[in-house]
Amino acid sequence: MKQTAVIGAGVMGETLLSGLVRAGRRVDQLLVGEKREARAAELEERYGVAVVSNVEAAAKAETVALVVKPQDMADVLDEIAGSLRPGQLLVSLAAGITTAFIEARVPAGVAVVRVMPNTPALVDEGMSAISAGSHCDEEHLAEAEALMASVGKVIRVPEKQQDAVTAISGSGPAYIFFVVESMIEAGVHLGLPRATAHELVVQTLVGSAHMLRETNEHPTVLREQVTSPGGTTAAALRELEIHKVRAAFLAALEAARDRSRELASGS
Ligand SMILES: NC(=O)C1=CN([C@@H]2O[C@H](COP(=O)(O)OP(=O)(O)OC[C@H]3O[C@@H](n4cnc5c(N)ncnc54)[C@H](OP(=O)(O)O)[C@@H]3O)[C@@H](O)[C@H]2O)C=CC1
Ligand SMILES: O=C(O)[C@@H]1CCC=N1
């Protein structure tokens, strides 16, 4: 029986775990590495999974997903390295941590895949980008792809693109939620009840997202369709340009990309 372990069951780790359970993965094929007792009890109760030590998880599982913070990665790798064996697959979901960083800390022949997921995985609409490490064959990459496909869409990218991917789709949901928050607040300023503003904004987002995916049109075309000459949308977009929102997005995403690069150094 092939087992998959999730080490680090915080926001992203639990998102992956819950997705695997929803996708029909048998709970006796799942192991969780979690050091806090209260959290371990919570996960056992919620999913019926076995919560074990990191060392036991690493020793028993064929595939080990590492979902700890980048700053904790070196310690966790030091802890489990002695239990790992060639042929096993390590799938790291940590921002910034390179496959070379992991390979340098585990036995030779352990396959490593770097993944950048995002939280919409919680509703099976995740976006994951995966990159192979140097001891990784097609079977390992396919295994990592299947793992992440249980919670959404998966693409393969060269590892050198992962910091940019992290800035776009890894952190991306936060920018969207920030825009949603801002629009709801603006609705309240315009005199709408908060619940009404919330419903209007959320459905507008969902509808726009479906249009983007289903029409396959470029966002510029879709934006132009909304923008009647001399109308309300043109007035609003002019303000967004005056306030340099486009430039702010570029600066923000560069900052996220740079922070991802820094995380590999443990800072
Ligand atoms: N949140 C997101 O949207 C995304 C996160 N990621 C990546 O996922 C990883 C986790 O992020 P996130 O879930 O947000 O962070 P969290 O802090 O929510 O989760 C990290 C988890 O790791 C646990 N942990 C820490 N040390 C150990 C250890 N030695 N052994 C086992 N578990 C340990 C923590 O436990 P405790 O709380 O007890 O310390 C916590 O439950 C990061 O590397 C991040 O870059 C990637 C893409 C998106
Ligand atoms: O903020 C972070 O560092 C993580 C990685 C991408 C999304 N959340």
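Residues are numbered from 1 along each chain as its sequence is written, with chains lettered from A and ligands numbered from 1 in the order in which they are written. Because the model is predicted, local features need pLDDT of at least 70 and side-chain atom pairs count only at pLDDT 80 or more, while totals for chains, interfaces and linings use all residues.

The protein chain holds 12 helices and 8 strands. Both are DSSP runs numbered from the N terminus: helices are H or I with at least four residues, strands are E with at least two. Along the principal axes, the C-alpha atoms fill a box of roughly 65 × 40 × 35 Å. Of the 267 residues, 33% are buried. A residue is buried if 20 or more other C-beta atoms lie within 10 Å of its own, exposed if 12 or fewer, and partly exposed in between, with C-beta atoms placed from the backbone. Two residues are in contact if their C-beta atoms, placed in that way, lie within 7 Å. Among contacts between residues at least 6 apart in sequence, 65% join residues at least 24 apart.

An unreviewed UniProt entry lists residues 5-96 as "domain: Pyrroline-5-carboxylate reductase catalytic N-terminal". UniProt positions follow the numbering used here, feature names are shortened, and annotations may be inferred rather than shown by experiment. Over residues 5-96 the chain is 45% helix and 20% strand. The end C-alpha atoms of this stretch are 21 Å apart.

Ligand 1 is surrounded by 28 residues. A residue counts as near a molecule or strand if its C-beta atom, placed from the backbone, lies within 6 Å of it. The closest to ligand 1 are Gly8, Gly10, Met12, Ala94 and Ala95. Helix 1 and helix 4 (70-80) each supply at least two residues of this shell. Helix 4 gives the largest share, 4 residues. The shell divides into 13 nonpolar, 8 polar and 7 charged residues. Here Ala, Val, Leu, Ile, Met, Phe, Trp, Tyr, Cys and Pro count as nonpolar, Asp, Glu, Lys and Arg as charged, and the others, Gly among them, as polar.

Around ligand 2 lie Ala95, Thr166, Gly170 and Ser171. That shell has 1 nonpolar residue, 3 polar and no charged.

The UniProt annotation "binding site", from an unreviewed entry, covers Ile7, Gly8, Ala9, Gly10, Val11 and Met12. Gly10 sits in the loop between strand 1 (4-7) and helix 1 (11-22). Gly10 is exposed, because 12 other C-beta atoms lie within 10 Å. Met12 belongs to helix 1. Met12 has 24 C-beta neighbours inside 10 Å and therefore counts as buried. Beyond its neighbours within four places in sequence, Met12 contacts Val67, Leu93 and Pro117.

Gln3 lies in the segment before strand 1. Its 16 C-beta neighbours inside 10 Å make Gln3 partly exposed. Leaving out residues up to four places away in sequence, Gln3 touches Gln29, Leu31, Lys60, Ala61 and Glu62.

In helix 6 (residues 138-149), His140, Ala144, Leu147 and Met148 are buried. They cover an arc of only 90° around the axis, so they lie on the same side of helix 6. The arc is taken from the directions between the helix axis and the C-beta atoms. On the other side, Glu138, Glu139, Ala142 and Ala146 are exposed. The buried residues of helix 6 pack against strands including strand 1, strand 4 (63-66) and strand 5 (89-92).

Methods. Expected span 1.5 Å × (residues − 1).
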